[in-house]
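Keep the structure in view as you read.

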Amino acid sequence: MLQLLEQTWFRLEAYLQDGGVVMLPLVLVSLLMWVLIMDRIFFFRRLYRKTMSARSAWEHIQQQRMPDPGEYRGIVSLLVADFLENRSGDRMLDRFILDERVQHINRRMKDYLALIGVLAAIAPLLGLLGTVTGMIATFDVLSVFGTGNAKAMAGGISEALITTQTGLLVAIPGLYMKGFLDRRADNLIQRVKTVGYYLRRHL
């Protein structure tokens, strides 16, 4: 097992070295993108679990009772807790506070999603940059040695292909996950809007 890990590490190291200097920003973009994706996955997963019905939400607000975290952890209980913390006691003002809290929570649903999309879009461009630098290196070898140094020419071509491949490998799953997270966020936003409208009618 240890030997297998060691071989994999050496292959990865050789792959990164063959890709040239563009591989470093590509790796950093990939790491940052997946950290943000995992953050959003766990965040949305928590808001989908142990959800509260609109009727229960209204009962909690009527009784000025905070949702029990052991019983409710979804996005509606987050709205109820947020509203109860900021409630004024004045009916008209409470309606504005409720609207503001709904908008505040909905904005949080979109956190980092645009940045994930940007990072996924940047990756193939970095791959294209690596293609250009690799082809420049190849033409430099051709201008000095002609076609007599095949090994040096292969280094430039290898750099061009590896960076293009890596850019696409980062971008394709990144764009898929961006779409997936957008749909999860839209569902939660719609749920909060619906419950917010229900609560507003009863305030």
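Does α3 pass α7 in a left-handed or a right-handed crossing? The crossing of α3 past α7 is right-handed. Keep in mind that this is a predicted model. Two packed helices are described by the angle between their axes and the distance between the axes.

**Helices α3 and α7**

- Helix α3 spans residues 54-62, and helix α7 spans residues 150-202.
- Their axes cross at roughly 45° and come within 10 Å.
- That angle makes α3 oblique to α7.
- On the α3 side, the contact is made by Ala54, Arg55, Ala57, Trp58 and Ile61.
- On the α7 side, Val195, Tyr198, Leu199 and His202 take part.
- By class, this contact of α3 with α7 has 7 nonpolar, 1 polar and 1 charged residues.

**Helices α2 and α6**

- Helix α2 (residues 23-48) packs with helix α6 (residues 113-145) at an angle of about 155°.
- Their axes lie 9 Å apart.
- Angles over 145 degrees count as roughly antiparallel, so α2 and α6 are roughly antiparallel to each other.
- The crossing of α2 past α6 is left-handed.
- Residues of α2 that meet α6 include Leu32, Leu36 and Arg40.
- Among the α6 residues they meet are Ile116, Leu119 and Leu126.
- The contact of α2 with α6 has 15 nonpolar, 1 polar and 1 charged residues.

**The largest pocket**

- The largest pocket holds about 150 Å³ of space.
- Its lining includes Arg46, Tyr72, Arg73 and Leu78.
- Helix α4 (residues 75-86) gives the largest share of the lining, 3 residues.
- By class, the lining has 5 nonpolar, 2 polar and 2 charged residues.

Terms used: Residues numbered from 1 in each chain as written. Predicted model: local features only at pLDDT ≥ 70, side-chain atom pairs only at ≥ 80, totals over all residues. Heavy atoms only, no water. 1 Å grid on protein atoms, 1.4 Å probe; cavity = no way out; pocket = protein on both sides within 12 Å on 5 of 7 lines; lining within 4 Å. Points joined across faces, edges and corners; volume = space filled by probe spheres on them. Helix = DSSP H or I, 4+ residues; strand = E, 2+ residues; numbered from the N terminus. Nonpolar A, V, L, I, M, F, W, Y, C, P; charged D, E, K, R; others polar. Axes fitted to C-alpha atoms, helices over the stretch in contact; angles between N-to-C directions. Parallel < 35°, antiparallel > 145°, perpendicular 65-115°, else oblique. Left-handed = near helix turned anticlockwise from the far one by under 90°. Contact = heavy atoms within 4.5 Å.
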